Every structure is written in C-alpha cells, then in structure tokens.
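Subject: Structure for your files

Dear colleague,

Here is the structure I said I would pass on. Please look it over before reading my notes.

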Amino acid sequence: MQQKTNWIEKRQSLRNDVDGMLSSITPAEATAQPMDVMIHELLVHRVELEMQIEELKSANNLMEE
C-alpha cells in the first residue's frame, strides 16, 4: 500500500526549492519593487506547476504500466 502524500508539505518543499533557484535572478526583498515581487511569485508558481506536471506524467506512466 502506498503512503498518502502530504500535499501541503510537498508544495512548501517545492516552493523552497524554486525560491532557492530563482534567488540569483530576483532582487532582494528590501530593494524589490511591487512589480519585482509579483514577477518572482509568478516565476515560482510557474516552476511549481512544471514540476507538478512532471510528477503527474510520471504517475500516469506508472498507472498505464
């Protein structure tokens, strides 16, 4: 039997990973303008969605097998 996934913890982990990846291309919070913050949030969300898509494709392939 498979263990149930804790999606809240999974999302937070993904967000932390993405924040780390994008920290080098976005300004620090102290100097960020509202538009910069919004762009950062959108980039984080985009990468999270791309990672979720990959997970879903992998799960779909497993189910098909």
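The notes below concern helix 2 and its side chains.

This is a predicted model, in which local features need pLDDT of at least 70 and side-chain atom pairs count only at pLDDT 80 or more, while totals for chains, interfaces and linings use all residues. Residues are numbered from 1 along each chain as its sequence is written, and side-chain values use heavy atoms, with hydrogens and water left out.

E48 has a relative accessible area of 2%. Leaving aside neighbours within four places in sequence, E48 is in contact (heavy atoms within 4.5 Å) with R11, L14, R15 and V18.

L42, also in helix 2, is exposed at 56%.

The whole structure has 1 salt bridge (a side-chain nitrogen of Lys or Arg within 4 Å of a carboxyl oxygen of Asp or Glu). The side chains of R46 and E50 meet in a salt bridge at 3.1 Å, N to O. Both residues lie in helix 2, 4 residues apart, about one turn. R46 is exposed at 53%, and E50 is partly exposed at 37%.

Regards

Methods
Helices (H or I, at least four residues) and strands (E, at least two) are DSSP runs, numbered from the N terminus. The expected span of a helix is 1.5 Å times one less than its number of residues. Buried means under 20% relative accessible area, exposed over 50%, partly exposed in between (1.4 Å probe, protein chains only).
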